[in-house]
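Visitor: I would like to learn how to read a protein structure, one feature at a time. Please give the general idea and then the case at hand.

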Amino acid sequence: MTIQKQPTPTARRGRRPGGVNTRAAVLEAARARFAREGFAATTIRLVATDAGVDASQVMQYFRSKDELFAAVMAIIPASLERFNTAFEGPDEHLGERVVRAYLSAWEGAAEESEPLMAMLRGAIVNDTASGQLRDFIQSRLLIGTRDRHDPDAVLRAGLASSMLVGIVTGRRIIGVPTLVAADAEELVAVVGPAIQQILVPTAAAADPSTAPA
């Protein structure tokens, strides 16, 4: 009886096999590409090339660039913790703590800052990303000040978030020379008191009737 020799399996060549690792590779590549190039300049094909996969594989996990961008926007726990701890402790110097926390998050380690920078760049050209950025920053401020029972809490959070976004945009995207050259602690010292007054208004500012005549 003749025994036929079975062919030896050969390694499959071509694109990366699908699975959890492929999805993670795509997200990592997209996160870096969005942060570096922004929403408009990033394409599914570029992300696929960076991840070492076919564009069709990217589309298997994310049906559009918008959906891919939304997945990238998942903020890591360290960022949330940084923002939350800024509100721990007494009200004194709260503004400085908040400014320092936001600058540290947006300008810190790549794993923390890249998702936030991608969100910021995307917000300039994409309405969905703009809403995500607005909601994220404002929610951090509202959560931190929720015990104040201030009827103007939402307005104050919006004003503070606008200032913080403006600072980061000026430093990291527009590149305003004086802002780029400034040390983070210099900005904390200058902007902190303004954020403090917005989030923790003095009695006179909170109730005009108490202001001196």
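Guide: Begin with surface: accessible areas come from the Shrake-Rupley method with a 1.4 Å probe, and for residues only the protein chains shown count as cover. Here the protein chain exposes about 12200 Å², and carbon and sulfur atoms supply 56% of that area. This is a predicted model, in which local features need pLDDT of at least 70 and side-chain atom pairs count only at pLDDT 80 or more, while totals for chains, interfaces and linings use all residues. Residues are numbered from 1 along each chain as its sequence is written, and side-chain values use heavy atoms, with hydrogens and water left out.

Visitor: How many helices and strands does the protein chain have?

Guide: Helices (H or I, at least four residues) and strands (E, at least two) are DSSP runs, numbered from the N terminus. The protein chain has twelve helices and zero strands. Read from the N terminus on, its elements run α-α-α-α-α-α-α-α-α-α-α-α.

Visitor: What percentage of the residues in the protein chain is buried?

Guide: Buried means under 20% relative accessible area, exposed means over 50%, and partly exposed lies in between (1.4 Å probe, protein chains only). Of the 213 residues in the protein chain, 38% are buried.

Visitor: What should helix H6 span, and how far apart are its end C-alpha atoms?

Guide: The expected span of a helix is 1.5 Å times one less than its number of residues. For the 14 residues of H6 that gives 20 Å, and the end C-alpha atoms are 20 Å apart, which agrees. The buried residues of H6 include Leu-94, Val-98, Tyr-102 and Trp-106. Helix H9 (residues 153-174) has 22 residues and should span 32 Å; its end C-alpha atoms are 30 Å apart, which agrees. Just after H9, Gly-175 takes a positive phi of about 75°.

Visitor: Which residues does Tyr-102 touch?

Guide: Contact means heavy atoms within 4.5 Å. Tyr-102 lies in helix H6 (residues 94-107) and counts as buried because its relative accessibility is 2%. Not counting residues up to four places away in sequence, Tyr-102 touches Phe-83, Ile-137, Arg-140, Leu-141 and Leu-164. Its C-alpha atom is separated by 8.2 Å from that of Arg-82, 20 residues apart along the chain. For the protein chain as a whole, take the contacts between residues at least 6 apart in sequence: 64% of them join residues at least 24 apart.

Visitor: At what angle do H6 and H11 pack?

Guide: Axes are lines fitted to C-alpha atoms, for helices over the stretch in contact, and angles run from 0 to 180 degrees between N-to-C directions. Angles under 35 degrees count as roughly parallel, over 145 as roughly antiparallel, 65 to 115 as roughly perpendicular and the rest as oblique. H6 and helix H11 (residues 184-199) pack at about 125°, with their axes 6 Å apart, and are therefore oblique to each other. Among the residues making this contact are Val-98, Val-99 and Leu-103 of H6 and Leu-187, Val-191 and Ile-195 of H11.

Visitor: At what angle do H9 and H11 pack?

Guide: The angle for H9 and H11 is about 160°, with axes 9 Å apart, so these helices are roughly antiparallel to each other. In H9, residues including Arg-156, Leu-164 and Ile-167 meet residues of H11, among them Leu-187, Val-191 and Ile-198.

Visitor: Is Arg-156 buried or exposed?

Guide: Arg-156, found in helix H9, counts as buried because its relative accessibility is 16%. Leaving out residues up to four places away in sequence, Arg-156 touches Asp-150, Gln-197, Ile-198, Leu-199 and Pro-201. Gly-158 is also found in helix H9 and, at 17% relative accessibility, counts as buried. The C-alpha atoms of Gly-158 and Gln-138 are 6.0 Å apart in space, although these residues are 20 apart in sequence.

Visitor: What is the phi of His-93?

Guide: Most residues other than glycine have a negative phi. His-93 has a positive phi of about 65° although it is not a glycine. This residue lies in the loop between helix H5 (77-85) and H6, and His-93 is partly exposed, with a relative accessible area of 44%.

Visitor: Which residues does Asp-91 touch?

Guide: Asp-91 lies in the loop between H5 and H6 and is partly exposed at 34% relative accessibility. Not counting residues up to four places away in sequence, Asp-91 touches Arg-148, Gln-196 and Val-200. Asp-91 and Gln-196 are 105 residues apart in sequence, with 8.4 Å between their C-alpha atoms.
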